[in-house]
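This report is meant for a reader who has not seen this structure before. Please look over the sequence and the structure shown below, then read on.

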Amino acid sequence: MTSAWQVLVVGGTHGNEFSGVQLLKQWQQQPLSFPNLVIQTLQANPKAHECNRRYIDDDLNREFTPQRLADFNLINYEALRAKSINQQFGPKGASQTDLVIDLHNTTSTMGPTLILLHDSHWERQLAAYVQQRMPEAVLLFELEQTYQQWGYLCTVGKRGVMVEVGPQPQSVLRQDILDQMRLMTELILEFTSLQLRNELPPLPATIEAFTSVCSKSLPLDEAGQPLAMVHQRLEGSDFTPLQPGEPIFQYFDGRVGYFDGDEPLYPTFVNEAAYYNSHMAFSLARKISLTVAAPN
Ligand SMILES: [Zn+2]
């Protein structure tokens, strides 16, 4: 007999990203149902959503490092919320939840992006399945740290992925973005159910994906104030190649800052509104080709 997986679908981890919150409401009316999956939903940060803010005290999606979860001196709203979610659905590292899917919006033009934090046969099959049925889907592997080291909420599960869809301004709903988020989430659940039952259809032997490399901050003056903004060349150009020597920053005094890399890389999270406080301008990813064929 095929065993069932415990799955948690999370929305509203960031209170002003509305698509996930809206989808949770719809799935309460019409529950998600897939064979061999026991699906629960969670609105992760209801207080921040009520206040129409990303968070109250601290970013909930950075609270789930082993260190922060274990630090009982951290008692602000999100730190306590993280500990409670970890207790209810984790604990991280020995989780009772087989899969967590966390839904996010970005103000950047990233389209429907599936963010994966671990690279094994399961993730590659999932990525291939989603892209086969949703060609506009982008696959982004964030592998700079181990799965356990990330502070992301989804790492509270044995497996965790994020659905990151944009462009959508904070605190609004866009129909195209909502539809893409719903479809990608349903495809992840469909894949998980089929995979558990050994009923996956043939998948492509290789997939085109991206792996994150680094983040670029705005140039700052001695007082920590930005000296430049993101150059218009980069606007709306997430996941399109940026060549060495192309403009990336427009200084307010008229100068232009150029990309000093030695290979073409692919901008992500260009001008993301949520990163303004940290002066992060964009991140860069490398395009990779991954084989899906043999299990490892
Ligand atoms: Zn978010």
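Four residues of strand 5 (residues 138-141) are described here, in a model that is predicted. Val138 and Leu140 point one way from the strand, while Leu139 and Phe141 point the other way. All of them are buried. In a regular strand the side chains alternate between the two faces of the sheet.

Strand 5 pairs with strand 4 (residues 111-116) in the parallel sense, over four bridges. Within that pairing, Leu140 of strand 5 is the bridge partner of Ile115. Between strand 4 and strand 5 the chain passes through helix 5 (residues 121-133), and this β-α-β crossover is right-handed. Strand 5 is also joined to strand 7 (residues 206-217) by two bridges, and these strands run parallel. Here Phe141 has Thr211 in strand 7 as its bridge partner.

## Strand 1

How many of the seven residues of strand 1 (residues 5-11) are buried? Six of them are, so the strand is largely enclosed by the rest of the structure.

Strand 1 pairs with strand 2 (residues 37-43) in the parallel sense over seven bridges. Gly11 stands opposite Gln43 in strand 2. The chain goes from strand 1 to strand 2 through helix 1 (residues 18-29), in a β-α-β crossover that is right-handed. Strand 1 is also joined to strand 3 (residues 99-105) by four bridges, and the two run parallel. In that pairing, Val10 stands opposite Asp102 in strand 3.

A separate description covers an open sheet of three strands in the order 8-9-10, with antiparallel pairing. Strand 8 (228-230) and strand 10 (256-258) are at its edges, each with a single partner strand, so one side of each is left without a neighbour in the sheet. Neighbouring strands of this sheet are turned by 30 degrees against each other on average, direction ignored.

Strand 8 and strand 9 (residues 247-251) pair over three bridges in the antiparallel sense. Val230 stands opposite Phe249 in strand 9.

## The nonpolar core

Which residues touch the most other members of the largest nonpolar core? Of the 69 residues in this core, they are Ile101, Leu114, Ala127, Val130, Leu139, Leu153 and Ile188. Helix 6 (residues 175-196) gives the largest share of the core, seven residues. The core also draws at least three residues from each of domain 1 (5-204) and domain 2 (208-291).

Leu114 can be followed in more detail. Not counting residues up to four places away in sequence, Leu114 touches Ala127, Val130, Ala137, Leu139, Val161, Val163 and Met184. Leu139, one of these contacts, is among the buried residues of strand 5.

## The two domains

The domain assignment of the protein gives domain 1 (5-204) and domain 2 (208-291). The C-alpha centres of the two domains lie 25 Å apart. The contact between them takes 16 residues from domain 1 and 16 residues from domain 2.

On the side of domain 1 that touches domain 2, helix 5 and strand 5 each supply at least two residues. Strand 5 provides the largest share of that side, four residues.

Notes:
Residues numbered from 1 in each chain as written. Predicted model: local features only at pLDDT ≥ 70, side-chain atom pairs only at ≥ 80, totals over all residues. Buried ≥ 20, exposed ≤ 12 C-beta atoms within 10 Å, placed from the backbone. Pairing = 2+ DSSP bridges. Right-handed = clockwise from strand over helix to strand, strands pointing away. Core = buried A, V, L, I, M, F, W, Y, C linked by C-beta atoms within 7 Å. Domains from an automatic or database assignment. Contact = placed C-beta atoms within 7 Å. Axes fitted to C-alpha atoms, helices over the stretch in contact; angles between N-to-C directions.
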